[in-house]
Amino acid sequence: MRICVVGCGAVGSLFAANLAQLDDVEVWAYDASQPHVDAINANGLRLSGAGDVVGRVRATTDAQELPQCDFGIVATKTMHTDAAIAATAPAFTGGYVATVQNGLGNEETLARHVTRVIRGTTFPAGKIVEPGHVQWDVKGDTTFGPFGDTPLEPVRQLADACTRGGMPAHAVEDARGPQWRKVIFNASTNPIGALTGLTHGRVCERPDLRALVSGLVDEGKAVAAAQGIVLDADPEDLIDHAAKPEVAYGHKASMLQDVEARRQTEIDYLNGGIVRFGREHGVPTPLNEAIWALVKGVEAAWQQ
Amino acid sequence: MTNVVVAGAGTIGSLLAGYLARVADVSVLTRREDHARALNEQGLCVSGRGDFTSQVSASTDPSELDADLVIVACKGNDLEPLAQRLSGHFAGATVMTVLNGLGAEDVVGAHGDWPLLSSVTFMSGTRHSDTHVEYILDTATWIGPYRDTTRGDAQRVADLIVESGLNAEAFDDLRPAQWSKLIFNATVNSVAALTGLPHDAHFAGAPLGPLVHALVDEGKETAAAAGVQLGEDPWEMNVLATQRGHAHRPSMLEDVEAKRPTEVELITGALVREATRTGVPVPLHRALYALVKAKEASYS
């Protein structure tokens, strides 16, 4: 089996390095960073932290070097999905392409370029320490499910390979439940941290701000319900759980880290996605729209 | 000649003191000794739309100052302590507040039985130092009676301000203007503070126009429920302000950038409290109120 990870940042690297442990899987990585690609080709792709692994991965910045692959795993930041899949689509004419990205709308973007798409949501996290070396912060499960006409069998094959490689994964008929649970969690907490500068725990201990978070969650739940999506867990419980001192009280949301570094955020695919799906299904989402607009304003301020 | 005491010499107080000193005896009540000393020694320099230096006297002790008119022009968070310092002084003077938000008159009025005038100002400037203020936007100050005063009293102060070279207008009832400005400020200041944007075209178009419009609508509903007929339409004020070519930096934006407490309590807080009192749901203003207060909390 040949698998290509498209976008070999922190999350992509977790998949690539773990899958490369399997004898029956050949792993390729497509990434825009030349130093990262060169380091992977010279020394292998190294993970440390929650697991210590070195994977033999063939990496390239040139999509034309990619051979035909059975599976793609797209792990770019959401705003780069379109460009990344447009470049790599020829490698997947006979294969399936899965997304493990944040947010809403990635499957639709992939489906504009390739015919067989797999929906995915993943919880492990890490960060790039230096080219070729990723720190694995958090272990976690991945859920895959068919998108469009994709049958379940190839979804099972991909989930099985990931699980055997050390990245536990499930194949389910409808993966929208975990996806929307994660999106609602992220959309209701990440931008609040980004706009205020507060960590997750400090957001949750302010009653007026926690009420705003619940207002955002309620809108997301209504949009999910209007599509017949059954969430696999209540985002409210996850939010309260994460606020505990021993879990993620002091965690700065990735969007806050983006804002502090003046990097474009994923707001269009989180709150922006909830607003878009809400419009399609006639569900009003005024708070998500307000938060989306404010973060877009933050990004606009960097251009001044 | 009229004796005017300006209490609180931030940007607006400095502009009023600098201009009024050309037509009245102006003294400034400051909080800091070094501020008073600098004003006494160097005067108050006005640049921008003006280019002159005024002689003013200044003191931290209200008993040293004489007034027919006291203008209270501090930031909202400084109002209560400043009003306490005025207590027992300036018998016979009329006191005029020039603050954002709602309720400054009552805070001051609780500390003495002076006749009170209300005002709101739309002028703006930048305070470069204790003794130098730049006059930027020459928009008007609106004045109206509040307690034991008449339209005529408001007119006399407006005339004095106009004679000094600034713009002012008197009204029978200031609430329409005050509420228009309240809604405008609650909307524009908090959005600017949260995004880091000056008040520019983003507020009238993409991506913030629809949010700004929705915030203004919540404010209008609250005003209607409180029985106030608005003066200018706050949305039109917003659009006009973004078309001036000069993007104003709202004070709340400057406050969060300097990690200072903002006036959100007095502005958005006042609007939300009125909405609560009158039973108007204002979910967007509540959201921004919570966000700005949280941003203040993030300083520490």
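Which residue does B:Val70 stand opposite in E7(B)? I looked this up and found B:Val95 in that place.

I note that this is a predicted model, in which local features need pLDDT of at least 70 and side-chain atom pairs count only at pLDDT 80 or more, while totals for chains, interfaces and linings use all residues. Residues are numbered from 1 along each chain as its sequence is written, chains are lettered from A and ligands numbered from 1 in the order in which they are written, and side-chain values use heavy atoms, with hydrogens and water left out.

Entry on strand E6 of chain B. I found that E6(B), residues 69-72, is covered on both faces, with B:Leu69 and B:Ile71 buried on one side and B:Val70 and B:Val72 buried on the other; buried means under 20% relative accessible area with a 1.4 Å probe, protein chains only. Strands here are DSSP runs of E with at least two residues, helices runs of H or I with at least four, numbered from the N terminus.

Entry on its partners. I saw that E6(B) runs parallel to E1 (residues 3-7) of chain B, joined by 4 bridges, and B:Val6 has B:Ile71 as its bridge partner. E6(B) also runs parallel to E7 (residues 94-98) of chain B, again through 4 bridges; two strands pair if DSSP finds at least two bridges between them.

Entry on chain A. I looked up its secondary structure, which comes to 12 helices and 12 strands. I noted that buried residues make up 59% of the 304 residues in chain A, and that its C-alpha trace spans about 55 × 40 × 40 Å along the principal axes.

Technical notes. Buried means under 20% relative accessible area, exposed over 50%, partly exposed in between (1.4 Å probe, protein chains only).
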